[in-house]
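Reader: Could you walk me through this model, with the cut-offs spelled out as we go?

Author: Gladly; have a look first, and then ask away.

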Amino acid sequence: MRILVVSDVHGNLPALRAVLDAAPAHDALWSLGDTVGYGGSPNECLDLLAEAGADPALVGNHDLAAVGLLPIGWFNVYAAQAADWTSMQLTEENRFRIRSGFTTATIGAFYLVHGSPRDPARDYVQTLDDALDALGAVAERSILCGHTHVPMLAEIRPGVAPTLHRIEPGVAYPIGGMRALINPGSVGQPRDGDPRASSLLLDTEAQTVTWWRRAYDLQAAQRAILDAGLPRELAIRLERGR
């Protein structure tokens, strides 16, 4: 089975469209949360993921804040402004989608979560030690998580020191015979210095994961942010990939 894994779309419709339009052939679509927040197209992104058949479509901290299930005061000033604006834009259908969503899911050998098993909506897995702690908290062989906006592959193999890989797009990384923590990176708000949208192809038969980067109409995403009256910094940072 080939699964397209996305996370942290953050209301960036041009980026999401680019990822879905150019995605390798796949049998399923998994979304790890934070479909809204920061960007100017929250409803359109939620609708497009639903139309594309995302299942599961987890919720993250920005999703929860937009429907009043997480205090906006938890965010920095830019994120708080975006969450407040998003909360006023959501359709009732999309408000229901978020409020009825989950922050975690288990599918076979994979534990899916937005943040980490320790705090599914808010906790960050940023280091190898974080990844080892997260893997130690679940019985499943592998964890798929988002939230950091940075692609990540941490592995534990018997008799070998735990490894944190440097991710190269287009390279198929084997995950058979190991425990692994895998982050697809962010579709709409990359923070690894590469502004291109990031996604992941998980092949359960070949037991590999491959990261894909897609250029998109960045200026259109910036215009949507500025036209919404959201902070200019949210538009500028898309160019930096930070």
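Reader: Is Arg-97 buried, partly exposed or exposed?

Author: Buried means under 20% relative accessible area, exposed over 50%, and partly exposed in between, using a 1.4 Å probe and protein chains only. The relative accessible area of Arg-97 is 29%, so the class that applies is partly exposed.

Reader: Good to know; what should I keep in mind about the model itself?

Author: This is a predicted model, where local features need pLDDT of at least 70 and side-chain atom pairs count only at pLDDT 80 or more, while totals for chains, interfaces and linings use all residues. Residues are numbered from 1 along each chain as its sequence is written, and side-chain values use heavy atoms, with hydrogens and water left out.

Reader: Which residue forms a salt bridge with Arg-97?

Author: A salt bridge here is a side-chain nitrogen of Lys or Arg within 4 Å of a carboxyl oxygen of Asp or Glu. For Arg-97 the closest N and O atoms of the pair are 2.9 Å apart. The pair links distant parts of the chain, 50 residues apart, with Arg-97 in helix 5 and its partner in helix 2; helices are DSSP runs of H or I with at least four residues, strands are runs of E with at least two, and both are numbered from the N terminus. That partner, partly exposed at a relative accessible area of 27%, is Asp-47.

Reader: How many salt bridges are there by this rule?

Author: One of them joins Arg-118 and Asp-123, at 2.9 Å from N to O. Another joins Arg-122 and Asp-119, at 3.3 Å, and there is also a network linking Asp-192, Asp-194, Arg-196 and Arg-213. By this rule the count comes to 13.

Reader: Which helix gives the largest share of the lining of the second largest pocket?

Author: A pocket is found on a 1 Å grid over the protein atoms alone, as an open set of points where a 1.4 Å probe fits, with protein on both sides within 12 Å along at least five of seven lines; lining residues have an atom within 4 Å of a point. Arg-97 is among the residues that line this pocket, as are Leu-46 and Leu-49. Helix 2 (42-51) and helix 5 (92-99) each supply at least two lining residues. The largest share, three residues, comes from helix 2.

Reader: What is the volume of the largest pocket?

Author: Of the 14 residues that line this pocket, the closest to its centre are Val-150, Pro-151, Arg-166, Ile-167 and Asp-192. By class, the lining has seven nonpolar, two polar and five charged residues (Ala, Val, Leu, Ile, Met, Phe, Trp, Tyr, Cys and Pro count as nonpolar, Asp, Glu, Lys and Arg as charged, and the others, Gly among them, as polar). Volume is the space filled by probe spheres set on the grid points, which are joined across faces, edges and corners. For the largest pocket that space is about 300 Å³.
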